[in-house]
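Welcome! Here is a short briefing on how two protein chains meet. Take a look at the structure first, and then we will walk through the contact step by step.

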There are 2 protein chains.
Amino acid sequence: MAAELTAHDLIAQHRPTLDQALEAIRTRAYWSPHPEHPKAYGENGSLDMAAGKAAFDALLGTRLDLGQPGTDDWVGGEVSPYGIELGVTYPHADLDVLLPAMKAGQRAWRDAGAEIRAVVCLEILKRISDRTHEFAHAVMHTSGQAFMMAFQAGGPHAQDRGLEAVAYAYVEQVRTPDTAEWTKPQGKRDPLALTKQFTPVPRGIGLVIGCNTFPTWNGYPGLFASLATGNAVLVKPHPRAVLPLALTVQVARQVLTEAGFDPNLVALAAERPGEGIAKTLATRPEIRIIDYTGSTSFGDWLEANARQAQVYTEKAGVNTVVVESAGDYRGMLSNLAFSLSLYSGQMCTTPQNLLIPRDGIRTDQGPKTFDEVVADLARAIDGLLGDDARANALLGAIVNPDVKARLEAAAGLGEVALASREVANPDFPGAVVRTPVLVKLDGAKPDAEAAYMSECFGPVSFAVAVDSVTDAVELLRRTVREKGAMTVGAYTTDPEVEEAVQEVCLEEAAQLSLNLTGGVYVNQTAAFSDFHGSGGNPAANAALCDGAFVANRFRVVEVRREA
Amino acid sequence: MAAELTAHDLIAQHRPTLDQALEAIRTRAYWSPHPEHPKAYGENGSLDMAAGKAAFDALLGTRLDLGQPGTDDWVGGEVSPYGIELGVTYPHADLDVLLPAMKAGQRAWRDAGAEIRAVVCLEILKRISDRTHEFAHAVMHTSGQAFMMAFQAGGPHAQDRGLEAVAYAYVEQVRTPDTAEWTKPQGKRDPLALTKQFTPVPRGIGLVIGCNTFPTWNGYPGLFASLATGNAVLVKPHPRAVLPLALTVQVARQVLTEAGFDPNLVALAAERPGEGIAKTLATRPEIRIIDYTGSTSFGDWLEANARQAQVYTEKAGVNTVVVESAGDYRGMLSNLAFSLSLYSGQMCTTPQNLLIPRDGIRTDQGPKTFDEVVADLARAIDGLLGDDARANALLGAIVNPDVKARLEAAAGLGEVALASREVANPDFPGAVVRTPVLVKLDGAKPDAEAAYMSECFGPVSFAVAVDSVTDAVELLRRTVREKGAMTVGAYTTDPEVEEAVQEVCLEEAAQLSLNLTGGVYVNQTAAFSDFHGSGGNPAANAALCDGAFVANRFRVVEVRREA
């Protein structure tokens, strides 16, 4: 069968984008080929807002037949955090049929080489980008993100992270040339001469274990890094967030087919409720790479038990913001209020502990006591979320009952500076929408430590009174070292404090945002420029995206002959 | 104290070499800055043959005081495989003193940046290169390599591998710029603008666990990769091969001091007989990187237990040569004879199993039966080693009693095609010198499989009769998959057979040498061009040297501020 997508056309279409991505990861200046604005879609084959909504609606209640071999059942059961049942069913796989089938196409995929694999991946991303409006609803109704966030983080930002991984994977593979002529002088004798061929070879099948909150954003880096380096990829979505990744697999299979490759290079492993196939899959000998986002306990289990695989984990951390002084007090408050509110704090990057000296802080608005700072922050959050429509647009919905339970329990951990309140969502009466709770803790009290030294994922943050900025810096260090951190923030006008916080972040390998007061938030990172996680503290063993994230997904095999 | 070696001078002196190394790893053409010929030394501050020998002799019976903190004893006891007692003693460390001291200088080393670290490493290598003659004797009298091999493999080739690691480490760290200005358009509003700093940060202390046979060649890649990426490095040599690495540590400490850094960034951990400190060290929390060369059992233990560290292991494999047909029969025989004889087969890359169809092979000298091929190879080995002087120069000495015992037991495993013989060494009457044994096995017999499917490290090889070339290819696949392989060789004039062997090597990630008949041997790899190991089969989890070998030895920490 002749491929509908020729290598020539794919390269012509996507090589310029790949080159721009390669330049972006080198300069780390701002760049993205994926528009953030919903109105940017609707031309050149992309779905506009209405068409995307219609496409999503048409999926509800259907069977998503991916045409996978070894399908022995159909499973589903996603219920949107907004209250609607998706009713979509997905193939359930007989692994002893599916996994061998996934290996059948690996040789051709390997032999295609790094550039073809990259442009095929870019075509997959392009098709996904065209359906961003449809994916936005799928992300919204699985993660509970508000529409605009689901659109941006689940759409262009996720696609950016996928493209970034393709760029890293491509450049890593072409660091070694395809061939080399090696000629070693031997004095008066003839030189030794060898012809050498170097081939990037895949490790096997990559397993992507998706998460509930960011199925595409956290799933795409591993998926595309493994695929672009020649591996087949099996996607095991979170049971509550299958649809966005199932659609992704569907697109990938279609593009692979059209490009003349075996669609089984990408497949879905949906599971029955409570089946827990991640453990089974993770230790299968065919699985040689695992990308995981989720709880620390399962991440640690994977690292300890999936010994046949390269394991990349993003687990949980406790994110800290040190508040020592403020050159723009109001800017700090509004920036922090937004960070704590966005997606109800259900981001691995949301700050949890705000360390504030109990004697108060200096600000451009005069000195502020600890209580004043906390009260002002509470007021800022309240103001930001005072309007229900804006609250709904920022908060989204609580993703699952565990988060709701933690939120409700948090009020008992200390003095509540800002109580959580219910917000009604007129469009989705079944949505569980809550504003964040802000709890005061005394950092010197042992019972408080139990609270602030544990991750409390969700819309819960602690204003922790510390004796001094020195104590704050030391607590920051201990928190990152023992619990890990995806992000650290600090507000200070004192160069020595800035230096001390920076030194802790360098020594403990945590990503630091300093004195953010405008439209960039500590919990947001931009692909091609910001690293997500560091891979150097307990929160994650990898960073998105760097050389280490891709370099061990393939190996280089050399064949040498006398010239 | 002003540094004697200024950054400016170090860069001026070594940057051109670094740039050449960077170019070499990109093109993989032949290159080396380290002369292979003993007579090339003696000018520009390097020791000539006599001075090197005198320097080595002066070390014997002395205490090598490295000036390390926490030295609580002096230990030694190396006995050369050539029979002489070295009598050198080394510092034994109180780890609770030494390890914290090693961390004291890390901040300055980190802040120096990738380029300064690289040129300091190059200065260390330059000083070692100047003492190549001295190191040659140290390697000879610990590994048992013959002088010329100890000189080349322990000198320039090891220095090449160290430099190669520095080049990879440098380029990996500068892939991300030091700073970036990130400006994101916001339509009619002001753009978002951030200033970002990116700093490569070390993981902590790297531990190098040295081996008996190639202390410098196998030790330098990990040592220099960790040091160049900002880590401190603790070197734990094999108790029988301390001197070459102790001298290396001494040089490194001196250069670090002269360049204004803390000498404790590099230290030695010598041990008492039977102390077994590798296990203790490997699980210390300060140790974040481990480079190991040695047995599969301890390598597997490290991978399973040193969970706080990045672990790079080169373990054991079973190396295969498929002999299907020969376009240059005599060239093949002489090439194989050399490979099997060099350093008494005590290389992780030496072929062990020669798979030969029992019905014989086609050659340019007419058809040859299985027995003829084996007899001709035995004759070629015998001819190569017939002269005792040449035999001594090629074989070196048996490194330890275990190898000797294996060699003696091998004769009982099958029909001996070539018996091992003792060779007298007139210079060193205590040397244990043996020619290789070649044993015929029937690949179809289960009791033979127990022999050829185990690594028999030393001068032992098996001529395995197989039913067909198809069987040979399948046995090759099974051997690599189950036992691992550092090298694979094949002799064939049949393009289909070549293709089949190549496909196995690509699928099982093994490095393949095809039809070598001249002066390049399957067991030799050249830095900057050949990969040593693949990191993709059980013989080793890393390759020397590639991006994956260096990329996870450091992390990048980002600090971002509003612009």
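Let's begin with one pair of residues: Arg561(A) stands opposite Leu514(B), which lies in strand 18 of chain B. Keep in mind as you explore that this is a predicted model.

**Strands across the contact**
- Strand 19 (residues 554-562) of chain A and strand 18 (residues 512-514) of chain B run parallel, and 3 bridges join them.

**Extent of the contact**
- Chain A contributes 78 residues to the contact, and chain B contributes 78 residues.
- Between them, chain B and chain A bury about 6100 Å², with 46% of it on carbon and sulfur atoms.

**Polar and charged links**
- There are 18 salt bridges between chain B and chain A.
- One of these links Glu503(B) to Arg107(A), where the closest N and O atoms are 3.1 Å apart.
- Between chain B and chain A, 50 residue pairs are in polar contact, with both residues at pLDDT 80 or more.

**Chain B's side of the contact**
- Strand 19 (residues 554-562) of chain B gives the most to the side that touches chain A, namely 8 residues.
- The residues on this side of chain B are 32 nonpolar, 21 polar and 25 charged.

**Symmetry**
- What rotation superposes chain B on chain A? A rotation of 180° does, with 0.0 Å of shift along its axis and an RMSD of 0.0 Å.
- That is the relation of a two-fold axis.
- Ala548(B) comes closest to the rotation axis of the residues of chain B, with its C-alpha at 3.1 Å.
- The copies meet through the same surface, because 100% of the interface residues of chain B are also interface residues in chain A.

Terms used. Residues numbered from 1 in each chain as written. Chains lettered and ligands numbered in written order. Predicted model: local features only at pLDDT ≥ 70, side-chain atom pairs only at ≥ 80, totals over all residues. Heavy atoms only, no water. Contact = heavy atoms within 4.5 Å. Buried area = accessible area lost by both parts, 1.4 Å probe. Salt bridge = Lys/Arg side-chain N within 4 Å of Asp/Glu carboxyl O. Polar contact = N/O pair within 3.5 Å; in protein donor to acceptor, adjacent residues only side chain to side chain. Helix = DSSP H or I, 4+ residues; strand = E, 2+ residues; numbered from the N terminus. Nonpolar A, V, L, I, M, F, W, Y, C, P; charged D, E, K, R; others polar. Pairing = 2+ DSSP bridges. Least-squares fit on C-alpha atoms with pLDDT ≥ 70 in both.
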